[in-house]
Amino acid sequence: MARGSPRRAIARNAAFPAAGASTKVEPPPTRKLTIVAKDPGLRLGAPDGPMAFTQVDIPAELLGKGPTGYRIKVVDYNATERVAYFDNQDYQRRDGALLDPFAPLDGDFLDRAYQERCIGDPNFHAQNVYAIAMRTLGLFERALGRRVGWSSGGHQLHIAPHAFAQANAFYSEPDRALLFGYFERANGGRVFTCLSHDIVAHETTHALLDGLRSRFTEASGPDQAAFHEGFADIVALLSIFSLEEVVAAAIGEDGAVARGDAKIALVDASKLDKDEILKSIFLGIAKEVGGEIEPGELGALRRSVMIPPERGKVMRTDTDEHARGEVLVAAMLNAFVDLWLARIAQLGEFEGHRYNLAAVVGEGAKVASHLLNMAIRAIDYCPPTDIDFSQYLAALLTADREAVPDDSEHKYREIIKRGFEAYGIPASGPGCNDDGTWKRFDRNKELTYTRSNYSAMMRNRDELFRFIWENRSEDRLDLDERAYTEVLSIDQVARVGPDGITLYETIGQYTQRLDIFGAEFKSLLGVERPRVMLTTDKFTAFGGGVLVLDQYGQVKYHIANRLRDPERQFARAEYLLETSQFTDLDPNDRLRFAVLHQQRMGA
Amino acid sequence: MANPPVAATIFAYHVGFGDCFLLRFTYADGSRRHLLIDFGTTSLPDDAGADWMRSIARDIRDKCTEGGGALNIVVATHRHADHISGFATAADGKGSGDIIAALKPKLVVQPWTEAPNAPVSWRGPVIKDKHAFAARRNSLDAMHRTAELALQSVYRSRKRLPQALVDEIAFVGEDNLKNLSAIKNLQAMGPNVYVYHGSDTGMAAELPGIDVTVLGPPTLTQTDAIKKQASTSEAEFWMLAPKRMSDAGGLGDAKPLFPGAKTIRGSRLFTEQRWLARRIDQASSELLRSLVRALDNQMNNTSVILLFRAGTKSLLFPGDAQLENWQYALQSKLAPLLDDVDLYKVGHHGSRNATPKSMWKLFTKRGGKKRPDRLTSVMSTKHGKHGCVKKHTEVPRVSLVDALKVESNFHSTEDLAAGELYEEISISLT
């Protein structure tokens with residue numbers, strides 16, 4: 001059958017009038033689209049039970065074929081089969097009503113036949129990646145309070161849900177695309193990486209992080225290489241917990257009680273034991289893919305949260321960046337579990353050692369949401385080059401303190417700090433306070449503000465650079481004058497002040513570069529070059545910083561990795577030499593993330 | 001120990017992209033011993049005729065047999081075509097491999113990965129799983145098959161891909177095809193010994209007065225001691241590789257992904273699909289290339305690394321061993337032996353990964369022209385066949401060649417004139 005699309009289910013957007021109505025109604029800001037929640041490996045009720053499908057809220061828009069929207073463009077081309085799959089769907093009617101073509105007709109997401117039809121339809125896969133990517137983008141934009149661009153400068157990120165028959169899925173910076181592969185199971189069925197919420201959210205996060213901190217894809221140190229992977233996993237894992245119905249269904253009900261007219265579903269306390277949660281499907285990445293590539297006890301492609309602190313400390317110093325990235329995930333997700341359990345402990349127990357399932361799930365969603373916001377906002381407080389995990393921790397704590405000055409109730413910052421330290425990620429360093437947050441900038445009296453124009457500085461990179469250059473001396477911003485310095489980006493951040501009124505801060509990113517010879521290492525960077533580096537070797541040293549300007553235009557934070565930072569420059573040069581990346585810097589490599597993934601997937 | 005030889009001569013044959021070294025040790029009484037270390041090519045010198053490899057084989061024969069000598073030992077460092085193709089035989093019995101076999105070497109040395117089963121004399125570290133050899137053998141076969149499929153796939157798509165990408169995959173793929181004739185000939189031409197880091201080579205009888213140390217390849221147990229990923233999962237990965245390559249290349253009779261779906265042919269895409277589709281084609285082939293490269297590296301890392309100490313000199317022949325093979329040796333008790341290397345056969349035709357900086361910096365005899373005991377380096381290679389300059393993976397690597405020229409007495413087969421079969425390098429061992 002040539003036109004093989006299933007009977008189209010049309011879920012009308014309830015706010016909309018019927019076709020032909022004459023009154024003009026405001027278009028809704030959001031719409032619902034059906035996706036696979038978490039992973040096709042998540043089965044409800046029994047190991048061969050139905051998959052978890054759900055609807056997610058995403059910004060509403062009039063979609064073109066693909067689907068193509070204002071931020072995402074799906075191109076369903078398959079290089080192995082050399083075909084593109086036709087988009088048969090309509091996402092809106094002529095009267096403007098928004099549609100969810102793959103919502104079940106009768107509202108039953110668990111119906112097997114319905115699920116099979118969706119899985120067998122490439123258009124559903126296209127919808128799945130579109131919706132999850134938009135949802136992840138939405139998380140970032142809400143957390144940061146502004147639009148987050150792609151690193152390429154283009155407005156639409158491409159997504160190919162069936163790019164090739166390979167066990168891989170990756171973000172390709174030069175292609176402005178997320179490419180998802182598929183492969184065959186040992187027993188003949190197919191595994192689509194594009195159907196795993198974890199993998200789609202993970203890859204989208206790479207693209208978003210690349211838009212915020214484009215220099216993080218460069219060769220620098222093992223922490224920076226690992227950071228991208230660890231951060232992407234953190235976002236993928238935490239973003240599931242807001243799908244409360246799915247989480248509840250996956251945990252499973254253990255009876256219910258009636259309270260008046262309401263029925264309260266209950267869950268057994270034994271399921272809420274730390275070990276059980278660590279082993280649960282929620283804290284593993286990509287169960288289905290993992291099950292195929294590396295069948296084993298993990299029950300997932302990776303399950304970083306199971307790494308205990310002692311082993312984490314060892315992995316922390318591993319030269320392998322995959323291992324390091326997992327330590328970051330372990331620290332963050334263990335903190336999540338601890339915070340969640342602390343809140344559950346405050347809930348009342350029902351008879352038979354059971355808890356209110358919806359309340360448990362609700363607490364999980366709250367904690368996950370708080371941590372997710374913290375994790376994303378922290379990026380604004382990260383230096384633009386040579387990030388290491390301790391700096392990210394400082395950024396995390398600073399971002400949270402800015403948003404929630406009084407942490408005494410839930411003590412998020414204390415628990416995070418302790419958790420990270422247990423994993424060998426201390427919140428220390430010359431630029432930090434005792435509580436681990438970044439020190440405030442204290443040289444405002446020395447800075448010259450009079451020759452710059454604050455309102456222009458907020459918007460114009462030349463103007464901000466003028467301000468930086470004016471204040472470059474050692475007693476002010478302390479930037480090496482001989483380096484080539486460039487302002488990469490300026491963003492406005494909205495913050496709700498203590499009196500509940502929104503105020504705006506400005507975050508500017510700048511980088512510096514120095515092209516030197518090995519012979520100049522000591523004089524320009526302040527440390528002897530690594531033994532293996534020859535005097536005639538060419539080397540590029542980088543520095544960079546973030547300037548946070550408060551609502552008055554005064555410098556609030558100057559978070560920088562300076563050029564003349566002997567320890568850091570030496571460590572970076574040594575790392576580059578050891579991993580033979582010397583003079584091989586090519587961040588524009590389309591396979592940069594692919595090869596990393598190939599290795600993680602067993603190559 | 002018996003009296004050591006007084007001179008060593010290395011005949012570096014001009015095979016193009018490949019290795020072929022005849023090592024001659026001359027003793028005080030005028031007697032000689034000969035070792036042939038590799039004999040293969042994947043691209044002959046530009047001016048070489050069809051009979052070139054046989055001419056080399058005949059020259060090897062003449063040098064070995066003159067003055068009553070013989071070819072004592074053959075070493076096949078690993079089974080890449082550019083190291084063993086010359087050992088292939090011909091139907092008429094007059095191929096280059098037949099000429100070598102007729103010399104009846106007393107010993108054929110290969111890496112332990114080539115052993116059909118755990119050899120009787122195996123005194124290697126106890127391996128937890130007896131099937132290691134079978135697994136290794138099977139995964140070698142799987143690698144060959146994967147290379148074959150990669151070639152099929154890239155030929156199929158060659159019109160749509162950049163020529164450089166096609167050429168590169170083709171060159172590496174062909175190097176990894178199974179050369180059954182050569183393999184069989186090596187097994188049959190003399191008693192085989194399979195070596196690993198620290199093992200006995202059995203060469204003492206054939207090379208009196210010479211200390212031969214095997215620095216690589218490490219065994220599975222040795223590798224597992226220093227690596228995080230168990231070697232067994234590596235073998236498993238390669239067993240799955242042919243299927244993955246076949247699927248990725250769109251070969252075989254895989255069912256269509258979505259049988260009922262309406263599709264648009266790749267040659268007739270909508271205008272809004274074309275920009276990305278072309279790039280996905282390339283990305284897909286680049287992924288294939290990286291798989292082929294991984295395969296190639298895996299095979300290179302099976303190379304035998306031999307260190308000969310004769311008289312006052314040390315000669316290092318590492319085949320195509322790359323960093324992963326070297327890693328075990330560099331952290332082992334044998335590592336200090338590298339300090340005194342006098343002659344270094346440049347690994348893998350001058351590639352970056354085969355002369356890791358951590359190894360290069362150990363050689364104490366690197367230095368300027370005026371240094372009396374200066375290191376000698378010998379490279380057998382051909383430009384423009386492997387890797388690419390843009391990604392700094394070109395073989396030979398320019399920065400490495402520069403370092404070799406500056407810090408050693410550097411010899412390259414590429415500097416030979418048209419028609420010259422070899423370069424002769426003499427080393428005094430007293």
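In chain B, 74% of the contacts with a separation of 6 or more are between residues 24 or more positions apart, a contact being heavy atoms within 4.5 Å. For chain A, 68% of the contacts between residues at least 6 apart in sequence join residues at least 24 apart. All of this comes from a predicted model, where local features need pLDDT of at least 70, side-chain atom pairs count only at pLDDT 80 or more, and totals for chains, interfaces and linings use all residues. As for bookkeeping, residues are numbered from 1 along each chain as its sequence is written, chains are lettered from A and ligands numbered from 1 in the order in which they are written, and side-chain values use heavy atoms, with hydrogens and water left out.

Chain B comes to 12 helices and 14 strands; these are DSSP runs, H or I over at least four residues for helices and E over at least two for strands, numbered from the N terminus. The C-alpha trace of chain B spans about 85 × 50 × 50 Å along its principal axes. Of the 430 residues in chain B, 58% are buried, meaning under 20% relative accessible area with a 1.4 Å probe and protein chains only (exposed is over 50%, partly exposed in between).

The accessible surface of chain B is about 17,500 Å², with 53% of it belonging to carbon and sulfur atoms; areas come from the Shrake-Rupley method with a 1.4 Å probe, and for residues only the protein chains shown count as cover. Chain B carries 55 positive and 46 negative charges, whose mean positions are 6 Å apart. Here Lys and Arg count as positive and Asp and Glu as negative, leaving out His and the chain ends, and each charge is placed at NZ of Lys, CZ of Arg, CG of Asp or CD of Glu.

For a local look at chain B, take B:Ser314, which sits in strand β10 (residues 313-317). B:Ser314 has a relative accessible area of 4%, so it is buried. Leaving aside residues up to four places away in sequence, B:Ser314 touches B:Leu307, B:Phe308, B:Arg309, B:Asp340, B:Val341, B:Asp342 and B:Leu343.

Chain A has 17 helices and 16 strands. Its radius of gyration is 25 Å, close to the 25 Å that the globule rule gives for 603 residues, so chain A is as compact as a globular protein of that length. Its C-alpha trace spans about 70 × 60 × 55 Å along the principal axes, and 60% of its 603 residues count as buried. Chain A exposes about 24,200 Å², 50% of it supplied by carbon and sulfur atoms. The mean positions of its 72 positive and 87 negative charges are 3 Å apart.

Over all chains there are 31 aromatic pairs. One of them is the stacked pair A:Phe227 and A:Phe231, at 5.6 Å centre to centre with 20° between the planes. Rings of Phe, Tyr and Trp (its six-membered ring) pair if their centres lie within 6.5 Å, and planes under 30 degrees apart count as stacked, over 60 as edge-to-face and the rest as tilted. Because A:Phe227 and A:Phe231 are four residues apart in helix α4 (residues 222-238) of chain A, about one helical turn separates them. Both residues, A:Phe227 and A:Phe231, are buried. A:Phe140, A:Phe216, A:Phe227, A:Phe231 and A:Tyr392 make up one aromatic cluster.

Definitions and conventions. The radius of gyration is taken over C-alpha atoms; the globule rule is 2.2 Å times the number of residues to the power 0.38.
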